[in-house]
Amino acid sequence: MKIVMLGAPGAGKGTQAKRIAEKFNIPHVSTGDIFRANIKNGTALGKEAKEYMDQGKLVPDELTVRILLDRVAQEDCKNGYVLDGFPRTIPQAEVLDSELAKLGTGVDYAINVEVPDDDIIGRMSGRRACLKCGATYHLSFLPSKKEGICDNCGSELVLRDDDKPETVKKRLDVYHEQTQPLIDFYNNKGVLKEVDGTVAPDDVFKAIEEILK
Ligand code: AP5
Ligand code: MG
């Protein structure tokens, strides 16, 4: 099963992708997490990506596509995966489509998690992220068991560098301009599914389970 998560920054793509991955036993592939892991480890890729990410801009398609295709070519992805944060532009979606077509397959579900912009800014300031395993929490909506520590792997939780309000606004602009057109793209392919992302995380997941069962 190949699933694409769509939605604005902070809509809950990562939160839900993690649950889908656990339930269906497929890898959760997040380009944002891959970039953040590279930044943390000080790689050349991380240095390049950070310049764009800190300004709320997209990392160039060419680099992002290369990383994603490398990742999904790995053995653990052979039975499917859930993509979180990719594709984010029409050219990225077209490359993914043509690579999958070569293998005789395509995206099975594109799940759009809908949350209005007004709700997003408040969510981001309360988000805490684990840079080691990619888990995300929220100080009020989804707290970790022990404050500041990841439930999954015990690492320290941080406020992401790109979660400052000015940067979030920029990310929302970029989303509307470059990523929102993917809703029509996947609708035209007949694989688009929409869920209300403003309800509690458990209820969002229930709606997704209904779609996937
Ligand atoms: P990325 O890491 O993908 O960030 P994003 O799309 O901006 O999305 P977020 O991770 O911020 O939000 P999310 O939807 O995953 O929400 P979450 O589940 O954490 O990308 C970062 C940057 O990397 C980009 O800006 C770009 O520069 C670069 N990049 C990445 N991929 C790229 C690509 N393909 N091409 C080019 N550049 C790329 O939830 C948010 C918060 O809300 C959390 O605190 C969570 O606990 C809470 N929450 C979740 N669900 C709910 C709920 N239902 N109710 C209340 N709170 C909730
Ligand atoms: Mg995320």
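I started with the shell around ligand 1: α1 (13–24), α2 (31–40), α6 (117–126), β6 (136–138) and α9 (201–212) each put at least two residues into it. Helices here are DSSP runs of H or I with at least four residues, strands are E runs of at least two, and both are numbered from the N terminus. α2 gives the most, with 4 residues.

A note on the source: this is a predicted model, where local features need pLDDT of at least 70 and side-chain atom pairs count only at pLDDT 80 or more, while totals for chains, interfaces and linings use all residues. Residues are numbered from 1 along each chain, chains are lettered from A and ligands numbered from 1 in written order, and side-chain values use heavy atoms, without hydrogens and water.

Next I looked up who surrounds the ligand. I found 37 residues around ligand 1, with Thr 15, Lys 57, Arg 88, Arg 127 and Arg 171 the closest; a residue is near if one of its heavy atoms lies within 4 Å. The shell splits into 16 nonpolar, 12 polar and 9 charged residues. Nonpolar covers Ala, Val, Leu, Ile, Met, Phe, Trp, Tyr, Cys and Pro, charged covers Asp, Glu, Lys and Arg, and the others, Gly among them, are polar.

Then I checked individual atoms. The side chain of Arg 160 has an N or O atom 3.0 Å from an oxygen of ligand 1, and a polar backbone atom of Ala 11 is 3.3 Å from a ligand oxygen. A backbone N or O atom of Pro 201 sits 3.5 Å from a nitrogen atom of ligand 1. The protein covers 97% of the 1000 Å² of accessible area that ligand 1 has on its own (Shrake-Rupley method, 1.4 Å probe).

Key:
A polar contact is a pair of N or O atoms within 3.5 Å; within protein, one must be able to donate a hydrogen and the other to accept it, and residues adjacent in sequence count only if both atoms are side-chain atoms.
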